[in-house]
Amino acid sequence: MPVIQHTDFITPEECAGWRVDYDMRAPASPHRGYSGEPYVYLPRNRIWGLTDRIADLSEEGVKFESAVLACLLPNGWHPPHIDNGRPNIAHRVFSAIVYLSSDFRGGKLRFSNENLEITPHEGLMVAFPASLEHEVRQVTAGRRYSIAMWFRKR
């Protein structure tokens, strides 16, 4: 399966709602990402509509596993990694990211093995095999909000 991109996957109003949700819930979250910023686990019932639409894109027949709401601040980044590279997540077969903001610089999503670099923007959804190595380039200004989701085989 190749990398899939869908522009306007969610509306600007939905994106704004998720950003407010993050800003309200993140300060109390015990979870931290690679750069130290908090992230918030999303319960299945909060994102059913998104996960069902994304699962339908997979050629493998997948079901939702988990999702996080995140925000990278300036100097935030994610190193090269795969989304099923540890024993506790080896079952993941499919990953997706929905971007919730556009008012930031940097923060591109890079797939080195595919020679592909994606500039995130509000409403964009990117889906890809969980075994595909990717990274997030450093954010240089603004706040890069996103929802990351992972799927397993049915």
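Arg137 is partly exposed, with a relative accessibility of 34%, where partly exposed stands between buried (under 20% relative accessible area) and exposed (over 50%), using a 1.4 Å probe and protein chains only. The model is predicted, so local features need pLDDT of at least 70 and side-chain atom pairs count only at pLDDT 80 or more, while totals for chains, interfaces and linings use all residues. Residues are numbered from 1 along each chain as its sequence is written, and side-chain values use heavy atoms, with hydrogens and water left out.

**View 1. Glu117 and Arg137 meet in a salt bridge.** A salt bridge is a side-chain nitrogen of Lys or Arg within 4 Å of a carboxyl oxygen of Asp or Glu, and in this pair the N to O distance is 3.2 Å. Glu117 lies in strand S8 and Arg137 in the loop between strand S10 (134-136) and strand S11 (139-142), 20 residues apart; strands (E, at least two residues) and helices (H or I, at least four) are DSSP runs, numbered from the N terminus. Glu117, at 38% relative accessibility, is partly exposed.

**View 2. Arg92 forms a salt bridge with Glu65.** Their closest N and O atoms are 3.1 Å apart. Because Arg92 belongs to strand S5 (residues 92-99) and Glu65 to strand S3 (residues 62-72), the pair ties together parts that are 27 residues apart in sequence. Arg92 is buried at 11% relative accessible area, and Glu65 counts as buried at 18% relative accessibility.

**View 3. Asp21, Arg25 and Arg46 are linked in a network of salt bridges.** By the rule given above, the count comes to nine salt bridges.
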